[in-house]
Structure formats: structure tokens, C-alpha cells
Amino acid sequence: MDDAEANSSRFPLPEALLDFLNQNGINPSIYAASDSIPRYIRLKPGNGGNIEEIEADIGCKLEKVYWLPDFYHLPPDVRIASSKAYRQGMIYGIDAASGAAVSALDISVGDHVLDLCAAPGAKLCMILDCLGSDGTVTGVDVAKHRLAACRSMMLKYGLGDHCRLFVADGTTFSLLPIKADTLSEPRSDSEVYKEWSSRRPWKERKREAMARENGSCKVFQPTQEPELIFYGRNSGVVGLTRNELYQMVHCDNVYELGYDKVLVDAECTHDGSIKHIQKFEQWGWTTFRRRVLEAERTDDLAILQLQLLTNGFRLLKVGGFLVYSTCSLTVAQNEDVVDKFLSENSSAELVEIEAAKSWPCKNGRILKTLRFDPLTSCTSGLFVAKFTKLAIQKEQGWHLHK
């Protein structure tokens, strides 16, 4: 495909991006699909009887996504933010490929789930929807302002009861889900976490607001203790002491007390997301080259992705499932990361995603991995790999953060 064909989309592709795509074996024509990819929404469970009301509200028909339960698609130019259905929490926007990544986890009622890169929050909301009335979800993100936005979204949809959110580095986060039979410390009412409240000192809120305005939000340091910014009444935090929440656990206990399911939707170059690439029309292609195309940046990302995947797997219990995903279409951020991870973790095994037999996606370059792309799937680009932990080798001893 020549540059003229590649630039047949609604916005022109700069030479630097074309070179990047060519070097990574990505067909530039994916960006020509920018006007044909629908807007996807997920219907919050319990609102199935409100379809006609929602359609009248947003002014168009909801078309069911045949391969993904509770998902619908709309014309790409439809705006939902001002609709009553959106404001009242009946629907939320989430790309169908992202929904597939969550679906691949096979979440069951009672599971303890870790979302290691939780912001901006749509996947977290879907995880909580799937969890139902029992179990817990732990959301982690390194950026406090993004996790705070995630918290707001979760509360808007009334999904916070079983969730706790930590500002933390996902490559070093080490807190396991709290289970009643692990608690041993005597405690009094004055020492334990009470029900969460959004009320904070005025000076603290003022400081954060000024930092946001000045663009000087504090960067979380890997050596910092995870900061708990939200916990629901059924998240396992209420009634704990600080020592219990941040308790040290021996590595042998992880095999039984780790998370049942882990999602690692890792930071990436976002080259598979047309909407993300389109933003650089306003931000400038110089910014794009710095953030996406520079070799040092992409090399650093691959290292980060492997670290996130490795740490997420470390916190997974034996027999549990971990899903690794990125919205990049490059091999370096996907199959290469998976290959390196498998070579370093003999207790990890790739597993087939059963539901994917009906999904409109391609196989990745490694057996059992999947790739969504705008042309094949009518979604954003997404790579998905699913792992389980085998009880064949125990990692070296380690202690959880305290």
C-alpha cells in the first residue's frame, strides 16, 4: 500500500508514523477505518428493560454486539455524555475489544480480582459488574489523578461496594486480597478502618487542586507505600487494622491466598487506537514522535510491560487466570513480551480463550494469543494473551510490602 492509499483516512498520517508502522509490519490501512468503527457501550446489568427508553434518549437504535453479552454499538458520531442514560449510570462507553479482554478472565461470583493498571476505569467497572454480589476487586494505578477519576466513575455506576483502590507502582505492588481466615491480630474499634468517607481536610483538597492546575501532580515513587484512596463496605478493608491491610505474607501463601484473576492491561504506544492517534492532530506530531516513536521510549515500554506482567503473575494463585493486553499492534510490545515472560516463568502456561471461537479477531503470532484490529474486528486494536499458574515450581522467597 502506498502513502496515498494509507492517507485515505479522514486525517493524514505523517511520514514518521508510516515508517513506524512499516518497521512493525502494521498495515497503515487500519487508520482508513476511522469513520466506520462504531461507538460501543455496555448496558449495566438490570437495565435490559430500559432499551427503548435509552434509544429514545440518545436518538438512535442500539444494535446488539452478537459476540459479547450486554454490549451494543451505535453510529460513531453519536454522543452519549449528555444523555440521561449515561448521567444516570445505565450505560457506559467501553470498546468491545476491551470488553473481550475482561470477558477472557472468566470472572465468577466470589473471585478476588486484581486490575493492575486500572485507570481510566471502564474495564474495572465491567469487572465489578461481572463479579456480582461476592468477592473483591483491587484496582491499582500509578497516577493518583487518573485513579481518582476511576473512583468517580465507579461510584457513579454504584459499583464500589466490593472494590478497593490503591495508588501504587504496578511493578512492585505486593498486597494480597484479605480473607477472613488470614486475620490474626487482636484489634479494637479505635484501630480499625471505618466505612470510607470522601471527606478530606480542606487544605489537602486545595493542595491537590492547585497541583492539577499547575501540571505538577506528584509522581508516585516505587519506594512509596501504596496509598489507599477508596474502599467499599464489602471490599475486606472495613474492620481491619493498618497492619492487617499491609501485612507481610510468605511466598508459600501466595499459591493459596493470591488473586483468582489478574488483568494486566499494560501501558503501551496506543498505536492500535485510532481515536488516540487522532488526538495528535491537536497535540502535534512532534509530541507524537516523542511519546510513541522514539526507540528509547518503546524499549522502556517493553521493559515496563514485562515487569507488570511478571508482578501480576507473582500475585496470582495456583490455578488462577491472568490476562495480558495492550492496545498496541507491535510485536515488540506483545508477542516478544509474552515470549520473554514464558522463558523466565516455568509455572506459567498460555491457555486458549474458549469464548474467542465466536470473536471477530485474528490469531497472534504465538499460538493461543489473539489480535483485534479496526479492519478485522471493527474495534480498536488490542492484543490479548491468557495465562494460568501451574503448581510445578515455586518462585524464590519474597515478602509483601509493609
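A: Two strands pair if DSSP finds at least two bridges between them; strands (E, at least two residues) and helices (H or I, at least four) are themselves DSSP runs, numbered from the N terminus. This is a predicted model, in which local features need pLDDT of at least 70, side-chain atom pairs count only at pLDDT 80 or more, and totals for chains, interfaces and linings use all residues. Residues are numbered from 1 along each chain as its sequence is written, and side-chain values use heavy atoms, leaving out hydrogens and water.

The account starts with strand β3. Antiparallel pairing joins β3 to β1 over four bridges, and β3 also pairs with β2, again in the antiparallel sense, over two bridges. Tyr72 of β3 takes part in both arrangements: Tyr72 is the bridge partner of Ile41, and Tyr72 is likewise the bridge partner of Lys64. Strands β2 and β3 form a hairpin with six residues between them. In the turn of this hairpin lies Asp70, which has a positive phi of about 70°.

The side chains of Asp70 and Arg42 meet in a salt bridge (a side-chain nitrogen of Lys or Arg within 4 Å of a carboxyl oxygen of Asp or Glu), with an N to O distance of 3.5 Å. This pair links distant parts of the chain, since Arg42 belongs to β1 (residues 39–43) whereas Asp70 sits in the loop between β2 (63–64) and β3 (71–74), 28 residues apart. How accessible are the two partners? Arg42 is buried (under 20% relative accessible area, against over 50% for exposed and partly exposed in between, with a 1.4 Å probe and protein chains only), its own relative accessible area being 4%. Asp70, at 32%, counts as partly exposed.

Asp129 is one of the buried residues of helix α6. That helix is mostly covered, with nine of its ten residues buried. Besides Asp129, the buried set includes Lys123, Leu124, Met126, Ile127 and Leu131. After α6 comes Gly132, whose phi is positive, near 80°.

Glu227 and Lys144 form one, with their closest N and O atoms 2.8 Å apart. Because Glu227 lies in β8 and Lys144 in α7, this pair ties together parts that are 83 residues apart in sequence. Glu227 is partly exposed at 33%, and Lys144 is partly exposed at 26%. A further salt bridge joins Arg371 and Glu335, with closest N and O atoms 2.7 Å apart. Arg371 is in strand β13 and Glu335 in helix α15 (residues 335–344), 36 residues apart. Arg371 is buried at 14% relative accessibility, and Glu335 is buried at 2%.
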